[in-house]
Amino acid sequence: SGLNNLAAVAFHRGDFDRAAALWEETIGLLAQAGDERARGLVLSNLGAAELSRGKPELAIAHHREAKTVAEQLGDPWAGIQSRVNLGRALLTIDRLGEARSTLQEAVTLCRELHDSNSCTSASRRLQRDSRLRRDS
């Protein structure tokens, strides 16, 4: 939608407040229209905006909801991406055990789908943060 595109432009320009506001409006419209697939994707975008705004708890809530939508729709690829995004948000507030298990779920899903690109993203996130390699 046009609002989603405007939000993406605002996000890429660093105007995270504007992006979040536009994505919130988009989510409301998509909910009214019953387009759950698009709503789930926009929830992930909103989560990214909230994380960029320094609001990790809101980001986590949006990524959890995006994960739930993906699961309800049976969309494994959206499920992988929502887990990677959720894991990243959890890392920002040092919820290491939950971040590790969430990212590992993403790796497991992408291996089941033989999706090497998604596996690379999730695996890289697990390996990049030394805190995840230690027992927590």
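These notebook entries record what I looked up about aromatic pairs and salt bridges in this structure.

**Ground rules.** I am working with a predicted model, in which local features need pLDDT of at least 70 and side-chain atom pairs count only at pLDDT 80 or more, while totals for chains, interfaces and linings use all residues. Residues are numbered from 1 along each chain as its sequence is written, and side-chain values use heavy atoms, with hydrogens and water left out.

**Entry 1, aromatic rings.** I searched the whole structure for aromatic pairs and found two. Rings of Phe, Tyr and Trp (its six-membered ring) pair if their centres lie within 6.5 Å, and planes under 30 degrees apart count as stacked, over 60 as edge-to-face and the rest as tilted. Phe 11 and Trp 23 have ring centres 5.8 Å apart and planes at 50°, so I noted this pair as tilted. Phe 11 belongs to helix α1 (residues 2-12) and Trp 23 to helix α2 (residues 16-33), twelve residues apart, and the pair thus links distant parts of the chain. For the helices I rely on DSSP runs (H or I, at least four residues), numbered from the N terminus. I also noted that ring pairs link Phe 11, Phe 16 and Trp 23 into a cluster.

Is Trp 23 buried or exposed? Its relative accessibility is 4%, so I count Trp 23 as buried (under 20% relative accessible area is buried, over 50% exposed, and in between partly exposed, with a 1.4 Å probe and protein chains only).

In one of them, Arg 53 meets Asp 17, with the closest N and O atoms 2.7 Å apart. Arg 53 sits in the loop between α3 (36-52) and α4 (56-73), whereas Asp 17 is in helix α2, 36 residues apart. Both ends are partly exposed, Arg 53 at 27% and Asp 17 at 49%.

Another joins the side chains of Arg 37 and Asp 75 at 2.8 Å, N to O. This pair too links distant parts of the chain, from helix α3 to the loop between α4 and α5 (76-92), 38 residues apart. Here Arg 37 is partly exposed at 43%, but Asp 75, at 18%, counts as buried.

Lys 67 and Glu 71 form a salt bridge of 3.3 Å, N to O, and both lie in helix α4, four residues apart, about one turn of the helix. Glu 71 is partly exposed, with a relative accessible area of 42%.

Methods. Helix = DSSP H or I, 4+ residues; strand = E, 2+ residues; numbered from the N terminus. Salt bridge = Lys/Arg side-chain N within 4 Å of Asp/Glu carboxyl O.
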